[in-house]
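The sequence and the structure are shown below.

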Amino acid sequence: MKNMLSKESRAIFGLSFGHFNIDLYAALLVPLYPLITSNLGITLASISSIIAFGHLVSSMMQPIFGFFSDKLRHRVFMVWGLVVTSIFIPLAIKANSVYLFLICLLLGMLGNAFFHPQVSALVKDFNKNNPDLSRAMGIFLGLGTIGYALGPYLSTFLVDNYGENSLLYTSILGLLSALFMYFFVPKKPSSDCYNKENFFFIMKEILKNKVCMFLMFISVIKSALSISFGTYIPFLLKNQGFSLEITGLIVTLFFISGGLATIFSSKIEKKIGTRGVIIVSFVSVLPLILLFLHFINSNKFLACFLFILTGFFILLSVGVILVNAQKAMPKYTGVISGVMQGFSWGLGALFLSPLGFLGQNFGIDKILILMSSIAFLVGLYTIKNKELI
């Protein structure tokens, strides 16, 4: 099979396969946090703080890891990121103290931060002369989102049917995936390892670039939308009488819908342009959420369909944003990938604290309306400022 594929096709196939697997691990523990909380004898506030700390450290480190990966031909960040994540994320469930849990979780998340900037840059490096770069990036990002959606189902199925120890066997999948990527994904061309500037100089260049700053801004809002909707919709559905299993299915379909949107975003971009994709992605969220809230009491099936469809539009522009950021900073694809995927995700997660206060005092529906309204205003801003993209 290897000889039948071009170097570029092999790279996209291998990188997308690895991305699917590592993002599966990223969500593996999410439905098991109540079980882990009980096992460790800690409070919800304590485990929430641990998880938030892990996400923050992981996200903030991605631009730095991207900086170092830009200088290398070797795929050390890609391979070892997947290895470390696949070992320590499943191992976290067996931690018998808060400190061991924190260490396992933090190492697993840092492995994830190791992985993402280099592989995102490699997608660009192996397709720099390909007019269908957006298509390749869409496949890569979309399969990661689908992996993220399937992670919770895999972990709950294994633990429910075979016990906690069964989760440890999932490490085999990650180790085999890392080995596969090592042999299947070519090394980066040596001509692309020309980054000689220091990290702070590169960050200064990024911050001076108007296009990059705009793309980072909308990437933060996009991340905040994904995180807040995925976090708070289960509470709303629970209040509506949905079972845990059905709620999990709806959230999974929400992210799978977003993954499919990312895969097909390049085709849509060819028809309506880059700005068109961003505008549609942001403007459409508010009317869909208002319709979802209108029908949630009278027609739950239709309401759930509308929410799943919202996932499609929220993640529609993810690949387009990343590709255009890489084009704006072609010498620093690893750093800019870390900024757009990791740093922006960390900033988006900071919305959770004030949103939690809002939901507790005024209702979950107000969170959805507020975040959708912010997205709508971003869409209008994009329409008005044509020079930004």
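A residue is called buried under 20% relative accessible area, exposed over 50%, and partly exposed in between (1.4 Å probe, protein chains only). The model is predicted: local features need pLDDT of at least 70, side-chain atom pairs count only at pLDDT 80 or more, and totals for chains, interfaces and linings use all residues. Residues are numbered from 1 along each chain as its sequence is written, and side-chain values use heavy atoms, with hydrogens and water left out.

**Salt bridges**

A salt bridge is defined as a side-chain nitrogen of Lys or Arg within 4 Å of a carboxyl oxygen of Asp or Glu. The structure contains two salt bridges. Side chains of opposite charge can pair when their charged atoms come close.

| Salt bridge | N to O distance |
|---|---|
| Glutamate 205 and lysine 208 | 3.3 Å |
| Lysine 366 and aspartate 365 | 3.2 Å |

Glutamate 205 and lysine 208 both belong to helix α8 (residues 199-208), where they are three residues apart, about one turn of the helix. Helices here are DSSP runs (H or I, at least four residues), numbered from the N terminus. Glutamate 205 counts as partly exposed because its relative accessibility is 23%, whereas lysine 208, at 55%, counts as exposed. In the other pair, lysine 366 is partly exposed, with a relative accessible area of 37%, and aspartate 365 is partly exposed at 26%.

**Nonpolar cores**

A nonpolar core is a set of buried Ala, Val, Leu, Ile, Met, Phe, Trp, Tyr and Cys residues joined through side-chain atoms within 4.5 Å. The largest such core has 82 residues, and those touching the most other members are Leu15, Met78, Phe229, Leu236, Phe292 and Val335. Helix α9 (residues 210-239) supplies the largest share of this core, 13 residues. Apart from it lies another core, of 23 residues, including Tyr25, Leu28, Ile42 and Ala92.

Contact means heavy atoms within 4.5 Å. With neighbours within four places in sequence left aside, valine 335 is in contact with Pro63, Gly66, Phe67, Asp70, Phe199, Ile202, Met203 and Ile206.

**Further buried positions**

Valine 185 lies in the loop between α7 (171-184) and α8. This valine 185 is buried, with a relative accessible area of 1%. Leaving aside neighbours within four places in sequence, valine 185 contacts Ala11, Gly14, Leu15, Arg75, Met78 and Phe126.

Threonine 252 is placed in helix α10 (residues 244-283) and counts as buried because its relative accessibility is 7%. Residues up to four places away in sequence not being counted, threonine 252 touches Ala149 and Tyr153.

Helix α12 (residues 300-314) has 15 residues and reaches 21 Å from its first C-alpha to its last, close to the 21 Å expected at 1.5 Å a residue; the expected span is 1.5 Å times one less than the number of residues. The buried residues of α12 are Ala303, Cys304, Leu306, Phe307, Ile308, Thr310, Gly311, Phe313 and Ile314.

**A nonpolar surface patch**

Which residues make the nonpolar surface patch of about 270 Å²? Ile87, Leu91, Leu168 and Leu175 make this patch. Patches consist of residues with over 30% relative accessible area and no salt bridge; like charges are joined within 9 Å, and nonpolar side chains (Val, Leu, Ile, Met, Phe, Trp, Tyr) within 5 Å. Accessible areas come from the Shrake-Rupley method with a 1.4 Å probe, and for residues only the protein chains shown count as cover. Leucine 91 is found in helix α4 (residues 76-91) and, at 34% relative accessibility, counts as partly exposed.

Technical notes:
Helix = DSSP H or I, 4+ residues; strand = E, 2+ residues; numbered from the N terminus.
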